Structures are given as C-alpha cells and as structure tokens.
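Subject: Structure for your review

Hello,

The structure is placed below, and my notes on it follow. Please read the notes with the model open.

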6 protein chains.
Amino acid sequence: MIAIINPNASVSMTEQLARECNALSGLHHELTFHRCAEAPASIEGYSDGVSAAYWVAHKVRQLESGATPPSAYVIACFDDTGLDGARELTRAPVLGVGEMAMHTASLLCQNFCVMTTLERSVPILTRNMHHYGMASRCAGIFASKVPVLALEQDPDSYQHVLNAARQALESNRGEALVLGCAGMGQWVRRMEADLSVPVLDGVRIAVTFADAMVGLGLKTSKVLSYQFPEVKAAEPTSTRG
Amino acid sequence: MIAIINPNASVSMTEQLARECNALSGLHHELTFHRCAEAPASIEGYSDGVSAAYWVAHKVRQLESGATPPSAYVIACFDDTGLDGARELTRAPVLGVGEMAMHTASLLCQNFCVMTTLERSVPILTRNMHHYGMASRCAGIFASKVPVLALEQDPDSYQHVLNAARQALESNRGEALVLGCAGMGQWVRRMEADLSVPVLDGVRIAVTFADAMVGLGLKTSKVLSYQFPEVKAAEPTSTRG
Amino acid sequence: MIAIINPNASVSMTEQLARECNALSGLHHELTFHRCAEAPASIEGYSDGVSAAYWVAHKVRQLESGATPPSAYVIACFDDTGLDGARELTRAPVLGVGEMAMHTASLLCQNFCVMTTLERSVPILTRNMHHYGMASRCAGIFASKVPVLALEQDPDSYQHVLNAARQALESNRGEALVLGCAGMGQWVRRMEADLSVPVLDGVRIAVTFADAMVGLGLKTSKVLSYQFPEVKAAEPTSTRG
Amino acid sequence: MIAIINPNASVSMTEQLARECNALSGLHHELTFHRCAEAPASIEGYSDGVSAAYWVAHKVRQLESGATPPSAYVIACFDDTGLDGARELTRAPVLGVGEMAMHTASLLCQNFCVMTTLERSVPILTRNMHHYGMASRCAGIFASKVPVLALEQDPDSYQHVLNAARQALESNRGEALVLGCAGMGQWVRRMEADLSVPVLDGVRIAVTFADAMVGLGLKTSKVLSYQFPEVKAAEPTSTRG
Amino acid sequence: MIAIINPNASVSMTEQLARECNALSGLHHELTFHRCAEAPASIEGYSDGVSAAYWVAHKVRQLESGATPPSAYVIACFDDTGLDGARELTRAPVLGVGEMAMHTASLLCQNFCVMTTLERSVPILTRNMHHYGMASRCAGIFASKVPVLALEQDPDSYQHVLNAARQALESNRGEALVLGCAGMGQWVRRMEADLSVPVLDGVRIAVTFADAMVGLGLKTSKVLSYQFPEVKAAEPTSTRG
Amino acid sequence: MIAIINPNASVSMTEQLARECNALSGLHHELTFHRCAEAPASIEGYSDGVSAAYWVAHKVRQLESGATPPSAYVIACFDDTGLDGARELTRAPVLGVGEMAMHTASLLCQNFCVMTTLERSVPILTRNMHHYGMASRCAGIFASKVPVLALEQDPDSYQHVLNAARQALESNRGEALVLGCAGMGQWVRRMEADLSVPVLDGVRIAVTFADAMVGLGLKTSKVLSYQFPEVKAAEPTSTRG
C-alpha cells in the first residue's frame, strides 16, 4: 500500500488528490489518502510549513505503527513539506511531489520553468531546488499570485496561470512547465495543449514512481542522514527541585 | 527584552544557557529564557527538528501576543531549528546561533571548521551552511560522536571533542573552530587555550549581536519571504456531507 | 515497446542486459534489446564514447523510421553515451542508466558514492554528474580499476569491487552505492547484503521508470534544446570547380 | 578604542563618518577616525583601490605601533579596501562596511539588493560578494551612476538613488536594500521610510558589531591566512656588482 | 605542422577558414586544413555534433598515423565538437575555437557576451562554458537566429547579428563580444569598429595559440583523462552459438 | 615592446626572469624587465601583495607615460599581484603568470595541481582560482613550505618541492602540475622528466601568449570594469576652516 499524505487540512484538496491518483492506471499497489486535519488549510510560507511538517511526521508515525505499514509514501504538497523528517521515520521510500516533478522535468528538457501560487513560496521552492541539485536546470520559479484555495474556486484562475506560464517560458527559454502546486494537477492536459511544451504534475509522477520503486525493492538508506531517531535518555531530575 | 528560545525541552540546558548569557556584560536589554517543554530533550536529526520547530513557532506566537513582545529573538540550537518560521511571525530580528557563529567565523579567518555532536547532524548543518553562503569558507563540518546530553554528564567528553577538533583543524587547514552545539558553549575559553585558534560559541555571539541589532533599529523584512502568514479563508462545507 | 540500446558491441553484455531486464516484473510494455555492432566492445574513455554515440544515433534513427517506433528508449551504458543526441531524434522519452541511478540515489539518501570501472571514466562521469545537478549529493566517483570486460570473466572481480566500495563509503560518509557500470548490475542484491546500504543498478531503474513514463504520457520536449535536427540547405557548387 | 579608517583622502567624508558614528549610542569603546591623506579622494575602481589599500595598511601599521593599539578596526569604504592586508597586521578584529552590511542583510531577509555609485564598482563588489558567500542571497548589485563626491554636493542625488533603488527592488524581488557606498549612510532612515523595506548602512553596523566583538573577546585568527607578515632575509649582494 | 579540422563537410567554410588563417602573420608552423566530408554541412544541435565528433576522431586517427603527425590541432567549430575525444588520440595539444575565445575574453574583460547562430546551440555552448569554468565571466550566450550557412550567403546577416550583439551587450553589462560561430570570423574588425568593445574570433586565437604552445613544448597530459584508448580484448565466442 | 614586471624588489629574481624569457625563441617583440624596488623582496601573503600592487600600478603609469608605451604587460608573480589595477591603466593586454598557467593547464588536462611555496599563499591563490573560473579544473593548491627566497639558495629545495608535487598528484588524481611561484620556473624541464606529467611555468607561457596577443590585435576592454580611472573633482575647502 502506498500512503499519499496531503500535508494540509483541506478535505476538498484531498478528495481531488484521490480522484486524480485513482484515475492512474497500471499501478501495482493500493493507494490510501490522508490529510493532516490539524495542519493549516493550505501551505503558504514558512510557518504553515513548520506546522504541516509536524503533522506529516505524526501521520507517518501513526501509519508505521499500524498493522500494515505502507510500502511507500508520497508527500502531496509541492513544497515537499516534512520530507526529510518523514524519511527518518521509515525504511519505505518517501517521495515529494515537488522533488519528483523537478527531477523528471530535467529528463525531458534542459531548462524548465516552475509556476507556483504566491510569491512567498518562491524562496522556499528555490531552496528546495538547490538542495535537489536542480538549480542549473531550472529557468526560474514564478508566482501566478493566485492563492492555493482560489485555484479550484475561481473560474478565471486557469487563464491567469496560463498567461503567467506562457510569459515565463518565453522570457526564460523554458522548454517544459512544472506545475508548482498540487492543486494545479487538474489542468495538466489542458495546459499542455495550450502551451505546446510538456507540462508536469508532480502528484501523478510521484505516485507512479513510488509504485515503481516498491517493485524495484528500493528503500530509504538508514545510514547516517536518515537513520531512525535517537532514543533519548531521560533527563535527570531538575536541579531546581 | 530579548527572548532566548531553547528549542528543546531540557531544563538543565536551558539553565546553563541562562548562566552563560547572564554572564555577558554590556548588554542593553533584558534577557528572558524559554524552553520548549513539549519538544524532544535534544535536537538530533530531522524529526527532532520538525517537532522542535513546531514548538518554537508556538513559543514565538505566544511571546508576540504577550503584553511586551520581545525586541529580538535568539534560537539557541546550532541547527537553527525553526528559524525561517519564526522570522515570519514577527518584525523583530531573529538570529540563529549556528548562523551567527558561522558568519562571525568568516570575519576572523578564511577557513573555519565546525565540530558538532552526532554524524546525523552533519547533513542538516551542511544544508544550513549552504543556505547561509558559508560553504566556501567552511573547511568541513565534523562530528565528535558525543551525544548532546553526554556533553554535560560525561567527564571525558571534553577531551574527546578536543581531540576531534584538533584533528579536523590540522587535516583541513582550519583557522578557527566553531562549536557546533549550544551545549558546548561552556568550553569556549578552555578550548581556545588548548587549540591556539579562535573558538566560537554561537550563543554568546547571537545574543550580543541581537542586542546590538535592536540598538541599530534593524528589523526583519516583511516583504515577500517573511511577510506575516496568510489569513486562510474558511474551507466551504465538505461535499462529503 | 521500449528499446534498450547497449551502446557497445558486446554480444554477451547485451544478453546479460536482456536477462536482467526480462526478469523485471510488472512492466506494461514489451522490451527490445539492441547492441551497436560497429561500436567498441566496451566504452572506456572519450573516444570510445564518441564512436558509440555515433552508432547510438544511428540505431535511434533506424528504430524511429521503423514500422512501430519505440514508446521510450533506455541507453544502457553508465556513461549515458549519446543521450542528448538521441533525445533530439525522437519525441519518446530517452533515459540514461547513469542519470537514472544518480537521480534515484538522491531520493533515498543525502550522499551517495558511485563505483565505476577504470579511472579514465571518472572525469566523464564527473562531468555528467555536474550536468545532472547531482554534484552536491554525490560523495565521490571511484574507480575499482577492474575493466568492463573483466567484470563477467574474472571470478575475483566481485571481491575487488566490494572492497573498493566499502572503503569509498566509509571514507566519504556514503549512504548508498551506485553501481557505475551496466555490467555490474548482476551484483546488486549480493552487494546490498554485504554493504548494508542501498545499492542501485541504473539498468533496472531506467527500464522501470521508462515504462512508467510512457504510462504517464511524458515526452521529450521538442522546443529549443531537443527540437528535431535542422534540414540543411544543399551547399552551392564549390568555387573550386 | 576602535579605529575607523576611511581609505580615501576626503576630509568632508571623514567628518560625516565621525558625525554618524558619534551619534551611535550604547557603544563601550571610544572611536577614533582616520583618513588616508595620500590616497585618492574617493575609491572608484581598481587602481583607486590599489592605492587606498596601500595607505590603509600604512595606517594600520602606524596604529599598531602606537602606545595603545586599537581593540578593533573598521574599514569605512563599501569596497572593503585593503581588508585582508589589514587583518594580517593585527590580532584585533577588522571589519569592512561592505562585508558587514551584506552579512547582516542576509539575517533580515532572503534576497537583498545593493545600490552603489558607479558601474565600474559593480565588478569589484560582485567579487567581494562571492568571496563573502553572499552571492546566493543577493538579488543584484546596481549602480545609480551618481559619483561618490556628488552624493553630498548634488541636491538631486537622493531622488536619483531612490528611484534606482525602487526599480532594482521591484525588478529583482528584493526584500531589503544595502547602501553600497559609505557616503550614502546619511540617507538610511529617509530611504527606509520611502521604500518600506529595511535599508542597511554598513558603517553603523560595522562599528556597532566591532564594539560587540571586542566585548566578546573575538580576535582575528593568526593561523595560516592572516599570520603576521614574514620577516624577509636580506637579499645577498647582487651579482651585477 | 598544425592541423586545422573543420568538423563539418562544407567546402566553402573550409576555404574561408584557410583564407583567414593563412592571412595570420608570424606563425612558426605550416597550417593544413581538413574538412569532415561525411559529417553534416553545418553543426547545429546535438545530433549534428555526435556525427561530426565521430568524423573528427576519424580524421585525427588518420593524421596521427600519417608520415608526419601534426604538432598541434585546432577544432574549428565554436561547439568544440569532439575535443575530448581528439585529445585522447594524440600527445599534441588540441585546442577548440570556442574554448580559446572564451578563455581569452576572460583575460581582456570581466564580463563577455557570446553571440551564436541558432537557439538550439545555446544549451550546448552553455554546457561547454560551465566545463571550461567560464560561467562566472560570461554575461550570457545569445542566438542571432541566423543559421550558419546563411552567414555567408545572406547580405543582411551582418546587420542582424550586429543588432543582436549590441542589445546583448547593453542589457547584460557586456565588456567584450565573442563570435560564437567559426563562420562569423570574417566580421571581426568591422564589428569591433561598430561596437567599440573587443570582438573575439576563436579561429585566429586558437591557431595562434596552438602555434605558440608548440614552441613552448606544451603537450596534452597522457595521465588519466586523456590516456590513449584501451586496447580491447577480443570478446569470447558468443554463447548463442 | 612587452614589459615584464616583477612585483617584488629582488634583483636576482628579476635577473633570473630575464634569463628565462630571453631564452624563448620566436617572439616578435622586444622584452623589457622591471622590478618594483620599493616593494617587498618577495610576495608572501596579503600585506606584501598590497604593497607590491601599489608599486606595480606605479610602474605601469610610468611606462604608459613614457615615449613608447608597451604593447603588452606581464605581471611576473604567481599571485598576479595588482593585475586588475594594471588593466585599468592601459589599453594594452595585461597577463598574470598565475592566471595564464592555470588557464593553459586546463587545455592540456582535466585536473591539475598547483604547487606553491608557503601555506599563507594558498588562500590567495584559491581566491584567484575561483575568480578565473578554474576551481572545477584544479585538484588542489598545495604548499611545499619552501619560502620564495630559499628556492634559489637552498640546494635541497628542488627535491622538497618534487616530493610534495608527487604526493599532491597521486593523492588528488592530478594530471598536470602548475608551478605556483615565478621562482620555480628554472625547474620546469627537470620536473617534467621526473614526474611524467606536463609541468607548467606561467612566466614562459604568459610572455609567449602576450606576444601572440599583440599580433592578434587583442586589447583590454575599456568599457565598465577596466575603463580608465575617474578624474576626481577637487574637494571643496574643508568646512573646518
């Protein structure tokens, strides 16, 4: 079983996630979907991310201690919220949708653009991009200024994002577009037709590759970086009495 | 008032922190000390950090909503746990002790070494180092393999850390030593005498510079990266009924 | 159909490749195997690579003009010989085994080692590693000094490569091992047991992910870098008569 | 005592420097101000810098051999003219105003802009920025094209620099502004009000932090890079007679 | 004797090359000119490059086995097609015209622009630029969109390229222009007069420096990267019978 | 005429320089040799460099204002002391011997080592190496710990440097050796024979290439970075009366 964790609390985004992933054919493992009910309704900026990462770790611990721990995990937020913490808690592979979309884009072109929601997400994604090694292959991370929750509610949001994507590609010699928010995944085919370049949705990619990695027997290394957490010695009784 | 937040739950480490900082002379602002009682007893690895960052943000929100919000914050863990999240929640400057020790070392020499506790902290500090821009000035981040809580309890730990530091400096042309754990700050003078290079303790440096920054009127930028968190629209009633 | 192209001329290596890939379960597409009969018997160094890249392009042109062009290609040499040229000649995704092993290793750990055959391959793989963005995640590329063709013929070669791998991991804080030659893929399970870290064989990974990418509808971008070759105007009759 | 060395010969700029620094409250050490009378009237380009660095070293040697050598030095030119040479000549900490402004900006935001005077200074500051490790945090170094000496004489210069700063911030996602010339320090509050982002003047920052560093007992490392100059053996009598 | 190899098949470009090089005065070695008759008529993109590199290696092998092997080689295409492969096949120095133009530009200014022909060449030259270490000195690689073969046939092409060069220099603070195609070498003086910055033609530079390197006794290192190709053991008879 | 400037005061090193350069055959321009009599006897560290750079600029100004200004300059110290300042003062090309040795080594191999004199020179050369773009091609800069002036006086110094070079090459996969001090140029052939890799002496290379660059009509760009120094307005009478 592959656990797909939505780091935010949104019921409708989790339902959309399930619809998209359940439409994938050819998978070899069951998918389960989990939202972080105590986390913010969307992940926009650092402190939302800090909160969501906490609940992602909580969810992974829950699933790991369950009767049948997942064979793989997908973190379904383009910020890859809590990815490293999750990897520490399991032997199963854990993939982030931002990470997978960027790596995969680098296999299809030399120079891709990322289109995210708010400008405040750009420095977060930029730091991720550097950590993944994708800085030399990414022509830029751009913000459409359409908030996450408006993506599904505002009928004009598609056109806004499309226009921003077209301009980003043209001005930066972009050869493919990465959708920089899990909530944009509904648009992948339509936008690919409108832009005539590959358009990548990290959710579908991460779920499919997680499924493939289980088949290949690939597991998170438990040496050094991602070894299981230390067991803490109890602190001696405080000297303050 | 300057709030010094220990991201872990340890009473004794917080007490030691207070002793060291209260011994600093010439400060212009009162210091207050805060531990994160629900966080792990020490921060060793990613998932400890995820948890501690959550409680750091909680503490900052508490202090900000208090009668007299702090003029500055210091995050007193060498991992700079939750630093970006904290900056988003306040206009006051927020300094990390790892960050300040590394920047300051780069002002005193061309090539410094960092000596931390466990090997699992090395990739975390390495990523921070890259983000701070210190990669070209750091000759290496090394682990003494002495756990955080042993630093104050095991009488042999000083000699272990000293030997590891000496070897790191000699093998890597190091010109100064950064103590890579807030718990090592007690040793700064003794180790400086033993090694004949500058030895930097981020806690004293961060507190003193935070005090200076308040005097200079410097504040966290609230444009783009660290703007205050978004106010979330309430999610419409779930379609699931 | 997925075409797996061995850029060298070796019949036995191509047969071994077929055995390993045909043992993969769960693929959704037929696999075909192709060697480059006019290329060198193994790819060791730049001029071998120049020759093999020529024949890889030739093979891709042949397959593209066939009745049923492949849905995806895998270049089955760790040097990823001729990868960019091949991508220019097709809309199908084209994956290199070196590229896929390195990207995937970066999903399972922070810091991997690559073990290849001869020292002369190290600068070639290093340049690839930089181009893929993997330099910050790779702890080093090491040569076992066992030539490609000896891998299958010399009974001692496993132990030589294992020893070299163990030393590389220990001296460089390696958390996973990437097998840096398609001919080492036979050892993946045995070496994983001996080293207690994930061991990655690019061939299985590239084939499985190529299969997944076809399912996802992902294609090589035909904008800018990988657009189809220019049609050349005929040169006017030489002025030399 | 903290010695503030203006690397150029300008009397009026040195006087302005003294006014600004003497207005700082809360310092623990006396400030002395020194200009380099034989140096150029302003530092604009490489050869001005070569000359000024010579006289800065001369001034440091003079001060070091005086009755009460300074406890710290500040080089009060944004080019940090002669900084490394000065560090070699003393155990006291030596801070450059360019260096300190850039490091401090990186503590208040993710992405700052630098506004300097002439375009010819941009490559010099760029090289410094790389050496300090600030390249990944700096959104660009921009020239207002207002010469140093015009800053205090031309009444329109404030508006010119303000306009250039506003455009630089908007076009480059800047979150704070670093004033890239010691002569602009007079404008720091006014410009902060006009731009609504933190505006940093390296002079005040460097002086305050130098004062703090003395209190912390921090000293320049005398190992390797900044050891005291070699004593030269006298050259044997020339063979030319 | 210095062998100048045109990696493409064009007779007229090879003749133009000979005219330009034979006009160089002060050389100490005879020049010979060679085209690759089986290669594409011009090198535009990856697959053209793969083909041309093959024929360059063929030509070098031919020349090396001749009665008087060349003392040096010049690869006369700005893509430096087949450069590494050629170096493996000879002890003589081998210079690429792209490589030499970029290195030399970095000796005359801090920040140069490259103007090439088609956009598809930009990623190829970018990767070369990174490999040569010139990324921090190059303000950008720009495409005039005039195809190689049009350079000599279309009377308007000079003006198109000049306009593109002027705009690239102005928008990117360029201080010198590198002509990014061997076929532009005819324009070097005219364009230098029109642009008032140094204009560099790699062909003349590479030929002159190759001549100088022979005089200095400099040779390609035959250790590790560029050692002569391996002699392959014959493959044992196939098991397929 | 090509002016070769020894940035230090040593008569014997300048004489040796003249002997080596006058032995070069095939140059097209007269060579003149200049020492900086007021500079230190050798350049070892930052403050020596600051002083020598001052006198180099003085010498260039003198030569430029002479009856027949040089057609090119060579700065004959491996630190390339005062190189940028000199370029600002002339239209002629100015080459540094460190710069030319590193660039040329990158044309003969993938990975070279530099062997200099004292450890204090390593950070200076490292910063130059980064500025020249050679960091990715240099396997390391090593110090033999033999001081500059001992190179010609101590009969054991050759063997010390040879041993250090051999170890550096073997431990770092070095493919060529760059002699990191103008005073080592006497040993180039002997060391090449002893090490079996190319050994590069920057002096001969820089002089030969400067000669070639004059022939090619290449000149320092006078746009932006290296434009001639500003003419300073006289400072108005001090307000201090």
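**What was found**

Chain A and chain F do not touch either, with nearest C-alpha atoms 15 Å apart.

This is a predicted model, in which local features need pLDDT of at least 70, side-chain atom pairs count only at pLDDT 80 or more, and totals for chains, interfaces and linings use all residues. Residues are numbered from 1 along each chain as its sequence is written, chains are lettered from A and ligands numbered from 1 in the order in which they are written, and side-chain values use heavy atoms, with hydrogens and water left out.

Chain C and chain A are in contact, through 48 residues of chain C and 48 residues of chain A. About 3600 Å² is buried between them, 62% of it from carbon and sulfur atoms; buried area is the accessible area (1.4 Å probe) that two parts lose on being put together, summed over both. In chain C, the residues that lose the most area to chain A are Leu107(C), Leu108(C) and Leu216(C), together 19% of what that side buries.

By class, the side of chain C that touches chain A has 22 nonpolar, 17 polar and nine charged residues. Here Ala, Val, Leu, Ile, Met, Phe, Trp, Tyr, Cys and Pro count as nonpolar, Asp, Glu, Lys and Arg as charged, and the others, Gly among them, as polar.

On cysteines: the structure holds zero disulfides over all chains, a disulfide being a pair of cysteine sulfur atoms within 2.5 Å. For Cys138(C), the nearest cysteine sulfur is that of Cys113(C), 6.8 Å away. Cys138(C) counts as buried at 11% relative accessibility (buried means under 20% relative accessible area, exposed over 50%, partly exposed in between; 1.4 Å probe, protein chains only). For Cys109(E), the nearest cysteine sulfur is that of Cys113(E), 8.7 Å away, and Cys109(E) is buried, with a relative accessible area of 0%.

One backbone point remains. Most residues other than glycine have a negative phi. Asp80(C) has a positive phi of about 55° although it is not a glycine, and Asp80(C) is buried at 5% relative accessible area. Asp80(D) also has a positive phi of about 55° and is buried, at 6%.

Regards

Notes
Contact means heavy atoms within 4.5 Å.
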